[in-house]
Amino acid sequence: MQENRARCALITGASQGLGRALAEECAGRGMDLVLVALPQTGLADVARILARAYAVRIETIEADLTDPKTPPAIEARMRTKGYAVDTLINNAGVGFTSRFAQSSEEQNEATVQLNVVGLVRMTQQILPSLQRQRHAWILNVASLGAYFPMPSMPVYSSTKSFVLTFSQVLRAELRSSGIRVSVLCPNGIRTNRSTRELIARQGWAGRVTCKYPDEVARAAVAGLFRGKALIVPGAVNRALVRASPLVPRGLYMSVIARRWGTAESPSGALPPTAPRTAASPA
Ligand SMILES: NC(=O)c1ccc[n+]([C@@H]2O[C@H](COP(=O)([O-])OP(=O)(O)OC[C@H]3O[C@@H](n4cnc5c(N)ncnc54)[C@H](OP(=O)(O)O)[C@@H]3O)[C@@H](O)[C@H]2O)c1
């Protein structure tokens, strides 16, 4: 219904993985883009490719979203360059695989700072601009891990539960303002190398439930502009969400631990200086 009205999307974490696919999906709909990622990670190349392929205007901002100065700087750039953002996609997120006892303070805080604090700050900073638009949309990227607490990813899956709850409340609060809020809860996505390796090790279970970034992006953007509250790509994954209240926690945690191969050993732990996105359960 509101599908064709969106004009300009601000997408965080757009240099690779799901964020890049979301950028392409929006550009394919003729939307201008403001793309954000860390410095020197190929964001300018992504912008060049998309601008040429889809003839849209693209602004890139290379900045760390865990820095409190970043959201105001992004908003200022949008204003001075004349980007009337009507769609905010909070996609940037990191995670790592380790039991809590073996994890470092640095890993845990980096995960909370980006997945929770950074997302809230971005939303708060951009909300007034969205409120000035006739119609606006917010898509927050959570994970199926919001429904299924993940052994060996205690902090990551908790941050995604936060994103789910925050999005649901925001949707209710903004209902009358013309801003639609959706939350995306994907199972594993074949994005960065560590996630692709984890998915490949799962055999048929990975093949049935995990997806490619462009599939998830297509479902996400279509669901967002249809005004869906919760977007879970894949019929099997939607069935898992429906079943989640019925399955005893101990049972599914041991299934998840076996499937992602993380419960008994912290060997999958990534270096504390490089927390990366971890995939989701089930
Ligand atoms: N992959 C999965 O299986 C899966 C499953 C469920 C949910 N998700 C969620 O989907 C989202 C995208 O995941 P992904 O797998 O596509 O991740 P990814 O391939 O690791 O990409 C993450 C993106 O976030 C950016 N980023 C990381 N830290 C940042 C920071 N401090 N400031 C600014 N940008 C930063 C990265 O930029 P650089 O390139 O500059 O590092 C990159 O563009 C995340 O929220 C993740 O939790 C992923």
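Strands here are DSSP runs of E, at least two residues long, and helices are runs of H or I, at least four, numbered from the N terminus. By the way, this is a predicted model, where local features need pLDDT of at least 70, side-chain atom pairs count only at pLDDT 80 or more, and totals for chains, interfaces and linings use all residues. Residues are numbered from 1 along each chain as its sequence is written.

So, back to our pair. Strand 5, residues 136-141, runs parallel to strand 6, residues 179-184, with 6 bridges between them; for strands to count as paired, DSSP has to find at least two bridges. Helix 5, residues 154-174, packs on the sheet and touches both strand 5 and strand 6. Its direction makes about 165° with that of strand 6, where angles run from 0 to 180 degrees between N-to-C directions, with axes fitted to C-alpha atoms, for helices over the stretch in contact. Touching is about contacts: C-beta atoms, placed from the backbone, within 7 Å.

Now the loop between helix 5 and strand 6, where you'll find Ser-177. Is Ser-177 buried or exposed? Exposed, because it has 11 other C-beta atoms within 10 Å; the cut-offs are 12 or fewer for exposed, 20 or more for buried, and partly exposed in between. Ser-177 and Arg-134 sit 43 residues apart in sequence, yet 9.2 Å apart in space, C-alpha to C-alpha.

Zooming out, 7 strands form an open, parallel sheet in the order 3-2-1-4-5-6-7. Its edges are strand 3 (58-62) and strand 7 (230-231), each pairing on one side only.

Technical notes:
Contact = placed C-beta atoms within 7 Å.
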